[in-house]
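Please read the following points beside the model, one at a time.

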Amino acid sequence: MPITPTEKIWMNGELVPWDDARIHILTHTLHYGMGVFEGIRAYETDQGPGVFRLTDHIERLFRSAQILGMEIPYTVEELVQATKETVASTGLPGCYIRPIAYFGYGEMGLNTLPCSVDVSIACWPWGAYLGDDALTKGVRMKISSWTRHDHNTMPPASKTTGNYVNSSLAKVEALKAGYDEALLLNPQGFVAECTGENIFVARHGRLITPPLSAGALEGITQDTVIQLAKDMGFDVVFGELTRSDLYVAEEMFVVGTAAEVSAVSSVDDREIPAPGPMTLAIGEEYGRLVRGQVDKYKDWVELCS
């Protein structure tokens, strides 16, 4: 999706004009992929923009950095406040937010120990990643020929810039083949996740989502949906899934900050009911939740005012 510029981007402690938010061509992370990032959304609420699970996202950014051995030169609280200031500077009622921490200019080579760490936060308007009607119409999936990283190859538990080469290869392969999204299997042949979303599969009346051990990222939207589904009376478990489980699913959906809750209508041209009753109920409740309209979880929506 094209990027619509906003007025300011936060860079290393200050808001700078959008067009001045630049880095040097020899920035270390540009060459080696050693950066960590988050995708967050601010939604329009009756009290102004509300960022959904902001602190949880920033804490995950720090966990990702910890896995890479990267020391972020700010606290969680400082980046939470910086995010709110950046969102407020856009004047938008809601937006997508991209914090990123990266090894900066000044050192080259594979040794990151002498490298400085820079942090930026950008915001822009961005619609639903898989389409505005993905919840009700569903998306067509393809199992990718690319395999999800093994834990001892690239750490899938870290939301690392370099990891997304894997996702980009799978995404483009799926799009060129006429599908909307790709599913990645791990080296053992079990379902890991999609290119940027966690997956939920309904089998025998309960929802199953792959565990972290399968190579799935510890999704914040995934965690949200698990709590929401349980409160709605649905049985949800972590469990291994094979491609055959996908082909005979009673219903299926994927979740993520960018995609929100999106139904799956087919996998490898095997049709799946979309949206299923659990998918639709969870998707609609999620929409109310992120806008601060569900009292039980109002503390998950952090206002920028």
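1. Leaving aside its neighbours within four places in sequence, I72 is in contact (heavy atoms within 4.5 Å) with L61, F62, A65, L79, A101, V117 and V119. I72 is also, together with V51, M70, L79, V87 and I97, one of the residues that touch the most other members of the largest nonpolar core, which has 28 residues. Such a core is a set of buried Ala, Val, Leu, Ile, Met, Phe, Trp, Tyr and Cys residues joined through side-chain atoms within 4.5 Å, where buried means under 20% relative accessible area, exposed over 50%, and partly exposed in between, with a 1.4 Å probe and protein chains only. At least two residues of this core come from each of β4 (40-45), α2 (54-68), α3 (76-90), β6 (95-103) and β7 (117-124); helices (H or I, at least four residues) and strands (E, at least two) are DSSP runs, numbered from the N terminus. A second, separate core has 23 residues, including F52, I226, L289 and W300.

2. On the basis of these values: this is a predicted model, in which local features need pLDDT of at least 70 and side-chain atom pairs count only at pLDDT 80 or more, whereas totals for chains, interfaces and linings use all residues. Residues are numbered from 1 along each chain as its sequence is written, and side-chain values use heavy atoms, with hydrogens and water left out.

3. There are 10 aromatic pairs in the structure, a pair being rings of Phe, Tyr and Trp (its six-membered ring) with centres within 6.5 Å, counted as stacked with planes under 30 degrees apart, edge-to-face over 60 and tilted for the rest. W126 and Y129 form an edge-to-face pair, because their ring centres are 6.0 Å apart and their planes stand at 65°; Y129 is partly exposed at 28% relative accessibility. The pair of Y297 and W300 is stacked, with centres 4.5 Å apart and planes at 20°, and here Y297 is buried at 7%, as is W300 at 12%.

4. R270 lies over the face of Y247, at 4.1 Å from the ring centre.

5. Strands β11 (residues 198-203) and β12 (residues 206-209) pair in the antiparallel sense over three bridges, pairing being assigned if DSSP finds at least two bridges. R203 has R206 in β12 as its bridge partner, and in this hairpin, with two residues between the strands, H204 takes a positive phi near 55°. β12 also runs parallel to β13 (residues 236-238), joined by three bridges, with L207 opposite V236.

6. The backbone deserves a check at a few places. The peptide bond from A274 to P275 is cis, with omega near -5°, and P275 is in the loop between β16 (270-271) and α8. D268, in the loop between β15 (260-267) and β16, has a positive phi near 50° although it is a residue other than glycine, and D268 counts as buried at 13% relative accessibility.

Definitions and conventions: A charge sits over a ring if NZ of Lys or CZ of Arg is within 6 Å of the ring centre and within 35 degrees of the ring normal.
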